Protein chains: 2
Amino acid sequence: LPEHALEPIFHPRAIALVGVSSSEGAGSGGGGSSGFLASLLEQRFQEKGGLYPVNPKMSEVRGLRCYPTLLDTPDPVDHVISLIPARAVPALVDQAIQKKVRSIHFFTAGFSETGDPEMARMEQEVIGKLKAAGIRAVGPNCMGLYVPSERIAFMNGFPKEPGNVMMISQSGANAGDVVHGLGRRGVRFSKVVSFGNGIDVRAHDLFDYAAADPQTEVITAYIEGVQDGRRMFESIKAAARVKPVILLKGGLTGAGARAAHSHTGSLAGSIDIFEALCRQTGAMRAETMDDLHDLVVAVTTSVKRVRGRGVALVVGGGGFAVLSSDAIATAGLEVPPTPEETKRLLHEFIPVAGTSVNNPIDTNMGTPEVAMKTLRIVSEAPSNDVIIATPSLGQRGAPGDTTPSTEDREGRIREQITAAVETYARTQEETGTPIVALLRDRTVTPELSDVFQQEAYRAGIATYPTVARAARAISLMLRWRERRQGLPAVF
Amino acid sequence: LPEHALEPIFHPRAIALVGVSSSEGAGSGGGGSSGFLASLLEQRFQEKGGLYPVNPKMSEVRGLRCYPTLLDTPDPVDHVISLIPARAVPALVDQAIQKKVRSIHFFTAGFSETGDPEMARMEQEVIGKLKAAGIRAVGPNCMGLYVPSERIAFMNGFPKEPGNVMMISQSGANAGDVVHGLGRRGVRFSKVVSFGNGIDVRAHDLFDYAAADPQTEVITAYIEGVQDGRRMFESIKAAARVKPVILLKGGLTGAGARAAHSHTGSLAGSIDIFEALCRQTGAMRAETMDDLHDLVVAVTTSVKRVRGRGVALVVGGGGFAVLSSDAIATAGLEVPPTPEETKRLLHEFIPVAGTSVNNPIDTNMGTPEVAMKTLRIVSEAPSNDVIIATPSLGQRGAPGDTTPSTEDREGRIREQITAAVETYARTQEETGTPIVALLRDRTVTPELSDVFQQEAYRAGIATYPTVARAARAISLMLRWRERRQGLPAVF
């Protein structure tokens, strides 16, 4: 295979951070005004390749030697991260050409998106020089690259393990939200690219790359403005023939469009146009960031195998069961009444008082054995296409176990988590009915909740924060599947 | 004033827990199968009144003497919590009459909601006896009472301080979700009543009580089935004339109605009927549990003063600003462009690159002084009816502060929280424009996030988990206000 035109961007052997500041070591954590060096160090890029901070005012930063200019760094440097002000960029580009770098990521903002004609002119000059020299550019006004297999990241706290999801984003903060938010739910990434104003590398290049990339099995994107609309359409269409593609478009309302124009200088389209694009290309449309998260979870877990609208709810708490049923119906799915034979089997071990074996099955699932039995019987009922279950953790101590120490309690919950996930995974495997898990237990700490989500995900079980969101994800996926008829199956 | 007919329920001097089990000490924490004793001990009811566990098989539980029967407990006992099976209830009722108790809460389930005619007959017999003796009954099949001023609670972890919100609920678990969920956001309660199947005390009695109760300023309810429809309508109407009333109805879809029938034996109505009830009574309709939470926060903070649809967003992160603008527009609100004069004032201290002073105002608010200045100028712009702002905490260390210890970092964030809340409260007070806060910072722990929410709430500042939910709450409140024209103002 010939090297893909974008390949150098994703596999740099040495990176220079030009314009690194003394606060770079403090870490980012959020908004993204600093922290590239900290993030690369956290991923241990320096154990793999050259890492060269550049700033004439410092001789050292975080234990690394700091060089006065890019030209002073040791050979070879194939990737530059530009943290300098926009007005200093033309000089840096000249140095990069001399240094023979292959790609530059411009974190630098303040080009044409400001509306200043002088800056727009400078942007054009920079593009011309880079193109002539064959240097690819990511940005400007963006967070750049997260490639865990290459130990490259743009925020702290990104998972170190690579995965199968590629994210293409015009917003660095939104890309960060996706990595952090989905990371907590177990999802891992092949590549994440925040490409900002896209003066060189644009959405369509990245869709082409993602479609061909063997590490990428699922593609998701956050788009604001559409550059090269026709090419992007064709790239999305080609990608969606071979992999699930989940798209979120910002700026679809008047207010959002104005904000997008301020942000990336892009002109946003209408809801109708974007809806048509998704329909015609076979992509899934996420209407909100929550949708994007929930659809990525759906297509990378057993949820992708759901074939019908019948949902069995296995939950504790009658009022919760009622509101959950309403949420499922509102999402366009069904809560089919439990077949008589299934009811009979359940009543063999579930008491009548305070419970219900009608769907929703409202019963305290108790021991793993009872949970396993309940789930299996419900999974085998032909009316149920998918199960939504809420494992109950951390509530029961042994009789007389009135005040367990925090540590004992945490250990017990960890065991319960492992047992619940095993039960779910085995039942799912043996009955073929996908199971979705919801952790409702208020007494479980956020840390343990993350453990549950990640263990479940590794076992192919999707977790959702609410029944409404689980039902919506399932419903969107079923609708997408219906609309794709005639296109090749991607799972 | 004559004593309200329900008053004895809310002010018991001594409580007997009949059928208490050894696991009662272990605490509830969730689903609600046990834990009344633990919850009462947590609230320290025993320091205020008599607390008498009853179980012939035990002589002691959690350090309290356990009595063989209700008749063996010391006089007086005015409230009984029944934890025994349904079939043993008639005998308990006879004892309660002999003991001259004034009210019984039946946690006991398994009456008419099972569909068993024998149990329905027994329920009728019990009702007859209680009525004849003048004993009020809460339940059956419910969690009963949370009255923090009287140190009564039905789950662990409920706040000890009383507040101004009364919740009426046909579901104990949903009531628990409301107390825990809203408690984290700072809301406190006057009374919460989970009344289950309502064989005696019903929704309309509780609305009447809430309307008259001087401790209650806001009323919210979760309703499944409607008993005595006409009386409930009149009670809600009377209550909504004097206090904000927020209603959530479970079982409005076919699936939800079937679940409600299993849960409380009630027949649910349609969306249209419930919508009409809300319109005609002047109540606010919550469509989901999230709505209920968000509307309670709205009417108990400065959000209740919002008079128009113009929202100014003061946020960091361009992509977040774009999606937030879309969310606000989708909720039916506006993101009006920043007036020229306001832009000029902001540009005096906000740089151009990587920021925007158009609404949404996308700028890292930096120091408390800069945040204060930004907020004040934005609050004074006549186009802005409400501000949604995201405080930025925990990101900045002093230069060279590369690895702050967890403790130092937590202390710094606590100071930043207090400073941010003070800034918001002062700006809100001085400009008259309500401010809503969203904590987005991923690096802030859930504990510190709770601290922020509670401090903000005490200062009259609402917090919401997402811009979409903040916008929806504001929009629902404005719509409700429009629909109430002609009714007395409740704030």
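Two strands pair if DSSP finds at least two bridges between them; helices (H or I, at least four residues) and strands (E, at least two) are DSSP runs, numbered from the N terminus. The views show a predicted model, in which local features need pLDDT of at least 70 and side-chain atom pairs count only at pLDDT 80 or more, while totals for chains, interfaces and linings use all residues. Residues are numbered from 1 along each chain as its sequence is written, chains are lettered from A and ligands numbered from 1 in the order in which they are written, and side-chain values use heavy atoms, with hydrogens and water left out.

Five strands of chain B form an open sheet in the order E15-E14-E16-E17-E18, with parallel pairing. Its edges are strand E15 (361-362) and strand E18 (462-463), each of which pairs on one side only. Within the sheet, strand E14 (residues 311-315) of chain B pairs with strand E16 (residues 386-389) of chain B in the parallel sense over four bridges. B:Leu313 has B:Ile388 in E16(B) as its bridge partner. Helix H11(B) packs on this sheet and touches E14, E15 and E16 of chain B, its direction making about 160° with that of E14(B). Here contact means heavy atoms within 4.5 Å.

**Helices H11 and H16 of chain B.** Helix H11 (residues 318-330) and helix H16 (residues 467-483) of chain B pack with their axes 9 Å apart, at an angle of about 25°. H11(B) is therefore roughly parallel to H16(B). Axes are lines fitted to C-alpha atoms, for helices over the stretch in contact, and angles run from 0 to 180 degrees between N-to-C directions; those under 35 degrees count as roughly parallel, over 145 as roughly antiparallel, 65 to 115 as roughly perpendicular and the rest as oblique. The two helices, H11(B) and H16(B), cross in the right-handed sense (near helix turned clockwise from the far one by less than a right angle; left-handed if anticlockwise). From H11(B), B:Phe320, B:Ser324, B:Ala327 and B:Ile328 meet B:Val467, B:Ala468 and B:Ala471 of H16(B). Ala, Val, Leu, Ile, Met, Phe, Trp, Tyr, Cys and Pro count as nonpolar, Asp, Glu, Lys and Arg as charged, and the others, Gly among them, as polar.

**Helices H10 and H16 of chain A.** Helix H10 (residues 289-299) and helix H16 (residues 467-483) of chain A have axes 9 Å apart and pack at an angle of about 70°. H10(A) is therefore roughly perpendicular to H16(A). The crossing of H10(A) with H16(A) is right-handed. A:Asp290, A:Asp291, A:His293, A:Asp294, A:Leu295, A:Ala298 and A:Val299 of H10(A) meet A:Arg469, A:Arg472, A:Ala473, A:Leu476 and A:Met477 of H16(A). The contact of H10(A) with H16(A) comprises six nonpolar, one polar and five charged residues.

**Helix H3 of chain A and its cover.** The buried residues of helix H3 (residues 89-99) of chain A are A:Val89, A:Pro90, A:Leu92, A:Val93, A:Ala96 and A:Lys99. Buried means under 20% relative accessible area, exposed over 50%, partly exposed in between (1.4 Å probe, protein chains only). Their cover includes strand E1 (14-18), strand E5 (79-82), strand E6 (103-106) and helix H4 (117-133) of chain A. A:Lys100, which follows H3(A), has a positive phi, near 60°.

**Strand E10 of chain B between its partners.** Six of the six residues of strand E10 (residues 189-194) of chain B are buried, so the strand is largely enclosed by the rest of the structure. Strand E8 (residues 144-146) of chain B pairs with E10(B) in the antiparallel sense over three bridges, and B:Gly144 stands opposite B:Ser194. Strand E9 (residues 165-169) of chain B runs parallel to E10(B) and is joined to it by five bridges, with B:Val165 opposite B:Phe189.

**Strand E2 of chain B and the loop residue B:Asn55****.** Five of the five residues of E2(B) are buried, so this strand is largely enclosed by the rest of the structure. B:Gly50, B:Tyr52 and B:Val54 lie on one side, and B:Leu51 and B:Pro53 on the other. Strand E1 (residues 14-18) of chain B runs parallel to E2(B), joined by five bridges; B:Ile15 stands opposite B:Leu51. B:Asn55 lies in the loop between strand E2 (50-54) and strand E3 (60-61) of chain B. B:Asn55 is buried, with a relative accessible area of 14%. Not counting residues up to four places away in sequence, B:Asn55 touches B:Val20, B:Ser21, B:Cys66, B:Tyr67 and B:Pro68.
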